[in-house]
Amino acid sequence: MHIVSVIPITRGGQKEVLSYFTAAPVPAGSIIKVPLRKQVVFAIVLETKSVEDSKSEIRSSPFEMRKISPGKPAHFLLPEFIDAARECARYYAGTTGNVIKSFVPKTIFEAAGKLKSAGTAEKNAGEKGMYAVQASDQE
């Protein structure tokens with residue numbers, strides 16, 4: 001068993017980070033579905049810890065942790081994007097989930113399992129691509 005800390009991607013959320021139980025470890029940065037109140041929402045995994053490492057935290061917590069249903073996690077948001085969303089949330093006194101929900105359309109999260117993995121900025125730096133605004137190098 002593992003404990004997964006996630007950022008729920010919702011508007012008007014009160015908590016920044018929530019914790020859930022899961023049977024299999026989930027990599028950090030993955031997009032998963034978690035139960036929140038009476039609905040299921042998308043969330044970004046921050047970290048996964050083993051239950052043995054945090055038994056005292058579980059016993060002393062004033063709430064009951066819910067279990068995440070097994071599913072295929074999607075990993076397509078860059079860590080730099082998540083860090084930028086955290087900075088925006090801190091600057092505008094909001095939650096990271098609210099900022100990400102504002103920037104990323106819901107259809108992207110719904111198609112998360114079909115999208116290509118993001119990798120890292122260093123890995124993608126060598127790739128050439130067409131950009132919206134390009135000028136010659138002489139200017």
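Reader: Which residue in strand 4 does lysine 33 stand opposite?

Author: In this predicted model, lysine 33 stands opposite phenylalanine 42, which belongs to strand 4.

Reader: And in what sense do strand 3 and strand 4 pair, over how many bridges?

Author: Strand 3 pairs with strand 4, residues 39-50, in the antiparallel sense, and the pairing runs over six bridges.

Reader: Okay, so what order do the strands of the sheet come in?

Author: The sheet is an open one made of five strands, and their order across it is 3-4-1-2-5, with mixed pairing. Its edge strands are strand 3, residues 31-36, and strand 5, residues 66-67, each of which pairs on one side only.

Reader: What holds paired strands together in general?

Author: Strands of a sheet pair through backbone hydrogen bonds, and they may do this in either a parallel or an antiparallel way.

Reader: Switching to helix 2, which of its residues are buried?

Author: The buried residues of helix 2 are Ile82, Ala85 and Ala89. They lie on the same side of helix 2, because the arc they cover around the axis is only 60 degrees.

Reader: What do those buried residues pack against?

Author: They pack against strand 4 and against helix 3, which covers residues 96-103. On the other side of helix 2, Arg90 and Tyr91 are exposed.

Reader: How does the span of helix 2 compare with what it should be?

Author: The two agree, because 13 residues at 1.5 Å a residue should span 18 Å, and the end C-alpha atoms of helix 2 are 18 Å apart. Just after helix 2, alanine 93 takes a positive phi of about 55 degrees.

Reader: How many salt bridges are there, by the way?

Author: The count comes to one salt bridge, and it joins the side chains of arginine 90 and glutamate 87, with 2.5 Å from N to O. These two residues are three apart in helix 2, residues 79-91, so about one helical turn separates them.

Reader: Last topic: where does isoleucine 58 lie, and what does it touch?

Author: Isoleucine 58 lies in helix 1, which covers residues 55-60, and it is partly exposed, with a relative accessible area of 23%. Leaving aside residues up to four places away in sequence, isoleucine 58 touches Ile3, Phe21, Val51 and Met65.

Reader: How far apart are the C-alpha atoms of isoleucine 58 and isoleucine 3?

Author: Their C-alpha atoms are separated by 9.3 Å, although the two residues are 55 residues apart along the chain.

Notes
Residues are numbered from 1 along each chain as its sequence is written. This is a predicted model: local features need pLDDT of at least 70, side-chain atom pairs count only at pLDDT 80 or more; totals for chains, interfaces and linings use all residues. Side-chain values use heavy atoms; hydrogens and water are left out. Two strands pair if DSSP finds at least two bridges between them. Helices (H or I, at least four residues) and strands (E, at least two) are DSSP runs, numbered from the N terminus. A salt bridge is a side-chain nitrogen of Lys or Arg within 4 Å of a carboxyl oxygen of Asp or Glu. Buried means under 20% relative accessible area, exposed over 50%, partly exposed in between (1.4 Å probe, protein chains only). Contact means heavy atoms within 4.5 Å. The expected span of a helix is 1.5 Å times one less than its number of residues. The arc is that of the directions from the helix axis to the C-beta atoms.
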